[in-house]
Amino acid sequence: SQASLDILQLVSENYVFRNIEIFCTCSIGIALAPQDGKDLDTLIKKADIAMYHSKDSGRNSFRFFNPAINRNMLDHISLISGMRKALQEKQFSLHYQPKIDLRTNQICGFEALLRWQHPEQGFISPAIFIPLAESSGLIIQLGEWVIQEVCRQAKHWYDIGLLQFTIAINISSIQFKRGNIDNLVLGALAASGLPPQYLELELTESLLIEDSDRLVTTLSHLRSEGVHLSIDDFGTGYSNLGYLKKFEVEALKIDQSFVRKMDDQSNDAAIVRAIIQMANSLGLKTIAEGVEDAPTLALLRSLGCTQAQGFYWARPMPADEVPIYCDMWEKNNAEAL
């Protein structure tokens, strides 16, 4: 292990190449003979598995091979393979969760959420398969399908007069790094005939930190066409206020990890209050995720939060239930008035 630490130290030393200072790190996987294998091919294979575990553990570290890692890696490989097949066999679907305007009590949007019903394993959580899709690169194909499917579905709702709100899609930072997300989104909008103002893209904070010229150009292109932009899970990353105005973001989504632990005296309530006050001062909307009960809703209203979503109103629902839900909402509101 000392040899591994020495290698990590040596590799991480910065050096200058053509007047540019370069920093580098590495991940090390270690397999030992004879317990991990008695031939070179087996040892290399197991060291490779350990190296991927090192990467998963935060990079710039070393890990020894152990059988539990092997099982995990095999499970991951199996799921990645299953995702490829699922895309071909249309096992993925989209469910939609309503967003409620806390001032008018109207539906102000729906968020599209990806679901995978595996033929043998049943429901597989997005918390499991989305990171695997990102690490394997499958998120590119998966994300493209989501964009096209949301635009197609939203255009149907637009045609029947239902669409009085935006439909939001989560966009992975990996999709942006591919460099063609604006053309992909605008192409899907054009192919479906959906007006761009009914589409909202939810971006991760980490994406904005990169602050590349290409990102500025991409986002301004989408905004100029009328697509809405918001920041997902705000407060969990490296929040930088300068980016919010620069990229013409319109809303901040307050992460459900804060919302679910709120009460009047908690640190989480203080964080939520600070985000809402900051957003109000910048002229941005705030959307609280994970609202599950009336006291949480009342507290968010008192703090000045503008929108919310959560099980208090509805779980994510299949597309064919959305018109029924909207109709029921309108009737209930009419009765309340």
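Select F110 and F165 to begin, both of which are buried, where buried means under 20% relative accessible area, exposed over 50% and partly exposed in between, computed with a 1.4 Å probe on protein chains only. The model on screen is predicted, so local features need pLDDT of at least 70, side-chain atom pairs count only at pLDDT 80 or more, and totals for chains, interfaces and linings use all residues. Residues are numbered from 1 along each chain as its sequence is written, and side-chain values use heavy atoms, with hydrogens and water left out.

**The aromatic rings**

Rings of Phe, Tyr and Trp (its six-membered ring) pair if their centres lie within 6.5 Å, and planes under 30 degrees apart count as stacked, over 60 as edge-to-face and the rest as tilted. By this rule the count comes to 9 aromatic pairs. In one of them, the centres of the F110 and F165 rings are 5.3 Å apart and their planes stand at 55°, so the pair is tilted. This pair links distant parts of the chain, since F110 is in strand β6 while F165 is in the loop between α5 (139-159) and β8 (166-170), 55 residues apart. Helices (H or I, at least four residues) and strands (E, at least two) are DSSP runs, numbered from the N terminus.

Next, select F92, W116 and F129, which form one aromatic cluster. Then move to F311, where R315 lies over the face of the ring at 3.9 Å from its centre; a charge sits over a ring if NZ of Lys or CZ of Arg is within 6 Å of the ring centre and within 35 degrees of the ring normal.

Return to strand β6 (residues 107-118) and select E111, which lies in it. Is E111 buried or exposed? At 4% relative accessibility, E111 counts as buried. Contact means heavy atoms within 4.5 Å, and, not counting residues up to four places away in sequence, E111 touches H95, Y96, Q97, A168, N170, E202, K253, E289 and Q309. With Q309, the side chain of E111 also makes a polar contact of 2.8 Å, that is, a pair of N or O atoms within 3.5 Å, of which, within protein, one must be able to donate a hydrogen and the other to accept it, while residues adjacent in sequence count only if both atoms are side-chain atoms.

**Strand β10 between two partners**

Select strand β10 (residues 228-234), which is mostly covered, with 5 of its 7 residues buried. Two strands pair if DSSP finds at least two bridges between them. Strand β9 (residues 199-204) runs parallel to β10 and is joined to it by 5 bridges, and here L203 stands opposite I231. Strand β11 (residues 251-254) pairs with β10, also in the parallel sense, over 3 bridges, and there I231 stands opposite L252.

**Two helices to finish**

Go on to S257 in helix α11 (residues 256-259), which counts as partly exposed at 31% relative accessibility. The side chain of S257 makes a polar contact of 2.4 Å with the side chain of D255.

Last, select helix α12 (residues 267-281), whose 15 residues reach 21 Å from the first C-alpha to the last, close to the 21 Å expected at 1.5 Å a residue; the expected span is 1.5 Å times one less than the number of residues. The buried residues of α12 are D268, A269, V272, I275, I276, M278 and A279. After α12 comes G283, whose phi is positive, near 75°.
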